[in-house]
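The sequence and the structure are shown first.

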Amino acid sequence: MLRALIALDELRHFSLAAERCNVTQSAFSQMIAKLETEVGLRLVDRDRRRVSLTGDGERLVASARRVVGELDEIGADLRDRASMGKGRVAIATSPPFAAHWLPPLIAQFRARYPGIRVELFDHLPPRCMELVRERQADFAILSAPGPLAGLQYRVLLQESFVLACPAGHQLASRKRVGLRDLDGARLIRYARSGSIGQHLEYAMRGITVEDAMEVEHLPTVAGLVAAGLGVSVVPRIAVPFFDATKVALVPVVSPGLERPIHLVWQTSRVLGPAAQAFVDLLESHLPRQKRARAD
């Protein structure tokens, strides 16, 4: 009805305004009459020669133009976003995924959808989950989702582990090892407060090792192993952190060692077109990730 009032103000003729609004003149007159009834004011002066707006009609049509203009802008923006012409996707994940797995995917996504802005938050899992709950991130990619109040998740892939050891170590030439092969080894552990450390602590129960050091970050583990200070069991995503001239990386084959990597998002929220497009791209690369486990 606001568009009808705007058309009448611009054309000052009922039949012409009705034609612009794609309705009959009778239906158009009913629309104007209904609008006058709803606002409780006479908006239009009618006589045989001309149509004009009353003072109240002039005030209303000025507001109507602003409202309709804003609605048109919102509609155009939504159509642009739906067609992937513009928008935003925000991803929260842990530093190893942010450093090595996601950058090539982000580059490919941006090349495909140059109007979509990609934001990446690299934090530990608890903070990633907070960002999803606060709607600062559309979704998170996590190895351990933790408490899931208000969130839902599904498993993206099962990630394998490798043994990182100095190039001259007795296990360096093996094609694969089991966790039992680490009995008596000097082990550089992840902090047992973190998701990787907890996962390995459970998987290695009953295996006797010498604790060389306990650290929190993968680059630190890589430096310590390269310096010959011990061996470590690391997730496959960590491989790029290691210097292949100094460190051997041997697949670890052991029941229950693989860890699930989850996609986490809000229970009450449906992923928007941009976020869903990124998830689709991510999942299209998962078979390649899974094949890498058996290399």
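Two strands are said to pair if DSSP finds at least two bridges between them. In this predicted model, strand β3 (residues 87–93) and β5 meet that condition with three bridges, in the parallel sense. Across this pairing, I91 stands opposite F139 in β5.

Strand β5 (residues 139–142) directs F139 and I141 one way and A140 and L142 the other, and all are buried. β5 is also joined to strand β12 (residues 259–266), in the antiparallel sense, by three bridges; here L142 stands opposite H262 in β12. A further antiparallel pairing, over eight bridges, links β6 and β12, with Q158 opposite P260 in β12.

| Strand pair | Sense | Bridges |
|---|---|---|
| β3 and β5 | parallel | three bridges |
| β5 and β12 | antiparallel | three bridges |
| β6 and β12 | antiparallel | eight bridges |

These pairings belong to an open sheet of five strands, ordered β4-β3-β5-β12-β6, with mixed pairing. Its edge strands, β4 (116–122) and β6 (151–159), each pair on one side only. On average, neighbouring strands of the sheet are turned by 20 degrees against each other, direction ignored.

Helix α5 packs on the sheet and touches β3, β4, β5, β6 and β12; the direction of α5 makes about 175 degrees with that of β4. Helix α9 (residues 273–284) likewise packs on the sheet, touching β3, β4, β5, β6 and β12, and its direction makes about 50 degrees with that of β3.

The loop between β3 and α5 (95–112) holds S94. S94 counts as buried because its relative accessible area is 11%, and buried means under 20%. Beyond its neighbours within four places in sequence, S94 is in contact with H123, C128 and I141.

Definitions and conventions: Residues are numbered from 1 along each chain as its sequence is written. This is a predicted model: local features need pLDDT of at least 70, side-chain atom pairs count only at pLDDT 80 or more; totals for chains, interfaces and linings use all residues. Side-chain values use heavy atoms; hydrogens and water are left out. Buried means under 20% relative accessible area, exposed over 50%, partly exposed in between (1.4 Å probe, protein chains only). Helices (H or I, at least four residues) and strands (E, at least two) are DSSP runs, numbered from the N terminus. Contact means heavy atoms within 4.5 Å. Axes are lines fitted to C-alpha atoms, for helices over the stretch in contact, and angles run from 0 to 180 degrees between N-to-C directions.
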